[in-house]
Amino acid sequence: FYSILRCTIMGVEKVKSQSQIDEAINSGKLVVIDFFATWCGPCKRIAPDLETLSNDNSDVIFLKVDVDECEDIAANYEISSMPTLKFFKNGSQVAEVIGANVPKIKQTVASNK
């Protein structure tokens, strides 16, 4: 049921566990993970753009990780600045965008689908 629900409801899914990330990364789809903090101004600024990008690209999985709530996950991915977006396909990282560069994020999604 969870997988069906995720496929039918578009938007950016908030991550609570590493297993959520693992499941998504191994799905065969492009996965975009936004590592953010609630106190981060640039993170707040790009959030609506990521929602729009998610809604426009239903074949891409968008996840977000609050680095303060999920410190262990942020540490696993060596996150040192926010926002950091990591892009995965077929289990491997294919790209990374550090900073609130929306045009670069869009281009990275388009070139890795």
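Mentor: This is a predicted model, so let's begin at the start of helix 5, where a side-chain oxygen of Asn-101 comes within 3.1 Å of the backbone nitrogen of Lys-104.
Trainee: Nice. And which residues of helix 5 are buried?
Mentor: Helix 5 covers residues 102-112, and its buried residues are Val-102, Ile-105, Thr-108, Val-109 and Asn-112. Seen down the helix axis, they fall within an arc of 125°, so they line one face of helix 5.
Trainee: Why would residues three or four places apart point the same way?
Mentor: An α-helix has 3.6 residues a turn, so residues with that spacing point the same way.
Trainee: Then which exposed residues sit on the face of helix 5 turned away from its buried side?
Mentor: Pro-103 and Ala-110 are the exposed residues there.
Trainee: OK, and what covers the buried residues of helix 5?
Mentor: The cover includes helix 3 (41-56) along with strand 2 (30-36), strand 3 (60-66), strand 4 (84-89) and strand 5 (92-98).
Trainee: How does strand 2 run relative to strand 4, parallel or antiparallel?
Mentor: Antiparallel, with 5 bridges joining strand 2 to strand 4. To find the pairing on your screen, look for Val-32, whose bridge partner in strand 4 is Phe-87.
Trainee: And how many bridges join strand 4 to strand 5?
Mentor: There are 6, and these two strands also run antiparallel. Leu-85 stands opposite Val-97 in strand 5. The hairpin of strand 4 and strand 5 has 2 residues between the strands, and Asn-90 takes a positive phi near 55° in this hairpin.
Trainee: Switching topic: which cysteines does a disulfide join?
Mentor: Cys-40 and Cys-43, with an S to S distance of 2.5 Å. The structure holds 1 disulfide. Its angle about the S-S bond is 75°, and the link is right-handed.
Trainee: Are those two cysteines buried or exposed?
Mentor: Both Cys-40 and Cys-43 are buried.
Trainee: What about Ser-81, where does that lie?
Mentor: Ser-81 is in the loop between helix 4 (71-76) and strand 4. Its relative accessibility is 28%, so it counts as partly exposed. Ser-81 is 39 residues from Pro-42 in sequence, with 11 Å between their C-alpha atoms.
Trainee: Last topic, the inside. How many residues does the largest nonpolar core have?
Mentor: It has 21 residues, and those with the most contacts inside it are Ile-21, Ile-33, Phe-35, Leu-63, Val-65, Ile-73 and Tyr-77. Helix 2 (18-25), strand 2, strand 3 and helix 4 each give two or more residues to this core. Strand 2 gives the most, with 4 residues.
Trainee: I've clicked on Phe-35. What is it in contact with?
Mentor: Leaving aside neighbours within four places in sequence, the contacts of Phe-35 include Val-65, Val-67, Ile-73, Ala-74 and Tyr-77. Met-82, Pro-83 and Lys-86 are also among them. Apart from that core lies another one, of 15 residues, including Val-32, Leu-53, Val-60 and Phe-62.
Trainee: Great, thanks!

Definitions and conventions:
Residues numbered from 1 in each chain as written. Predicted model: local features only at pLDDT ≥ 70, side-chain atom pairs only at ≥ 80, totals over all residues. Heavy atoms only, no water. Buried < 20%, exposed > 50% of the residue type's maximum accessible area, 1.4 Å probe, protein only. Arc of directions from axis to C-beta. Contact = heavy atoms within 4.5 Å. Polar contact = N/O pair within 3.5 Å; in protein donor to acceptor, adjacent residues only side chain to side chain. Disulfide = S-S within 2.5 Å. Pairing = 2+ DSSP bridges. Core = buried A, V, L, I, M, F, W, Y, C linked by side-chain atoms within 4.5 Å.
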